Amino acid sequence: MILHKSPNKDPKLPKSYRPINLLDVGGKVFEKVLKDLTSEALYTPLAPEQFGFLQGKCTTDAILKLHQTIENGDLKYIAALFVDISGAFDNLWWPALLVRLEEQKIPKHLYDVLKDYLSQRWVEVQTPLGTYAKPVTKGCPQASVLGPFLWNLVMDTCIQRLKPYATEVLAYADDLLVLWQSRSRLHLEEQGRVICRQLQEWCELNKLTVAPDKSALMVFPIKEPKTFRRQPTVRINGHRIPVVRETVYLGIRLDLFLHYRSHLRLQTHKAIQAVSRVTSLAKRDYSLTPEKQKILYKGIFEGIALYACGVWAQRILLKTSGSILLRAQRTALVRLFGAYTDTPLEALTLILDEPPAHLTALFRAAKYHVKRDRPDLSHELIENYSNLSKSERKEKLVEMWDAWLRESPKGTFARAIFGNVHNRKRLPWVKPNRAIIRVLSAHGPFRDHLCRRRLVDSDLCLADSERDTVEHAVFRCRAVPETLKEARMKIQARTLRDIIQDREDWNILSAALADLVQKRESESLLVRAGIQVAEADS
Ligand SMILES: [Zn+2]
């Protein structure tokens, strides 16, 4: 048992502490056996409205169900009541659970084992004044196998009770959501009263309470975006439930029109913050290879930013939502790979061989929908996704990626070198590091670029009075490190485009590029120009 205190809570209040009760391995095995036996013996299986702790079900399923219920609504409004059950798990009352097990007609020997397992439990706390012990009659230990299952069993009775009065009831662990349709505010309030009465009765039976201030009511307009002159009143235990225009449900921020724009804004912001924290930790660590940087990008940025994309990916095709995601992706890549802050995303996707995030989201969503056997939805996203083979899907992504590049005027330098995405994919030896990204995007310590950014007055090279472009620096400039001069002698091809096609030439040149970039960036002219490199502001 561990006592854990969060920093901004009153240390004097017992509620500020979270006792963690861990289950040992023996207990886990025992609970797993009990759980499997009990779930097989259930008289009625768990309601399909349950989504938590169940194999093959995830939060996206529950959110999507909510989304579809609202979209398929045919009356004027859909009310959504987000119910917060106070400390749900800690308050799962065992006697109510045992009644439920009896109702489920599980065999007597199993019932007796469960009853015995739940009886005579004590919590012990070691304090400087000695050991303090207290009997326990509710709650389940952390990491318990049986606990969530037992909770679902009790939650089932809640669903059965509310279902006749609601359009949809969704339960994910202790997250309860009740949806009902209505023609008018009055109708909405009436139905709300009935539902809340049922909910209250259920709570009383199970010794649970709803926290009205933590619960929320959202009223989604179905046809026209109309709002009430007076907000509807729905009460639980005599307390009015706040009516909100936005709320967070299972980690996704819902808005009244299901645009998910504010969700994307918040979620991408979170993703960038997480990326920044990691890059500041790894700042001086040059052992981060491009492969590791990519793993970090996928794990951190995509993991956070693309959460539940099965629900919102269709929206990404709308301009604003798409640009929120792409802007965030550019920031994340710039920070992770230490590129110049103004490097265009178009160039980064090619150099790093990383598709634009809106397409990644779209393809992930299509995959999700195909897996869930909802071809109608994936059809909307990507034509015939379910009929495509694995390689055809990859081809389709490349095709859409190329189309996206063609539509944009940015990243022309990288595009001139690589040609298109298909060609980029045939050059696995181009492994992008800081120097290579600077050279291949032309967003680096070249006076031509710095002049365009108004960081220097002239684009002429100080050593040769020729325009200081990438080509000048790589092939002609005299003020370069010896390693680059030697590399120039060994390379056959004469343009960057030709050099990257040849593995040997590229390996010789790319090794020397690091020296070139380092020399130029440490030169005082850049320092005076106050060049902002990504890691400086991360
Ligand atoms: Zn020069």
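## Helix 2

Helix 2 (residues 59-71) has 13 residues, which at 1.5 Å a residue should span 18 Å, and its end C-alpha atoms agree, being 18 Å apart. The expected span is 1.5 Å times one less than the number of residues. Helices here are DSSP runs (H or I, at least four residues), numbered from the N terminus.

This is a predicted model, where local features need pLDDT of at least 70, side-chain atom pairs count only at pLDDT 80 or more, and totals for chains, interfaces and linings use all residues. Residues are numbered from 1 along each chain as its sequence is written.

Buried residues of helix 2 include Thr-59, Asp-61, Ile-63 and Leu-66; buried means that 20 or more other C-beta atoms, placed from the backbone, lie within 10 Å of a residue's own.

## Helix 3 against helix 4

Helix 3 and helix 4 (residues 108-118) cross at roughly 175°, and their axes come within 11 Å. Axes are lines fitted to C-alpha atoms over the stretch in contact, with angles from 0 to 180 degrees between N-to-C directions. The two helices are therefore roughly antiparallel (over 145 degrees).

Trp-94, Leu-98, Leu-101 and Glu-102 of helix 3 meet Tyr-111, Leu-114, Lys-115 and Leu-118 of helix 4; contact means C-beta atoms, placed from the backbone, within 7 Å.

## Helix 3 against helix 5

Helix 3 (residues 94-103) also packs with helix 5 (residues 146-162), at about 75° with axes 10 Å apart. This pair is therefore roughly perpendicular (65 to 115 degrees). Ala-96, Leu-97 and Arg-100 of helix 3 touch Leu-150, Leu-153, Val-154 and Thr-157 of helix 5.

Terms used. Angles under 35 degrees count as roughly parallel, over 145 as roughly antiparallel, 65 to 115 as roughly perpendicular and the rest as oblique. Two residues are in contact if their C-beta atoms, placed from the backbone, lie within 7 Å. A residue is buried if 20 or more other C-beta atoms lie within 10 Å of its own, exposed if 12 or fewer, and partly exposed in between; C-beta atoms are placed from the backbone.
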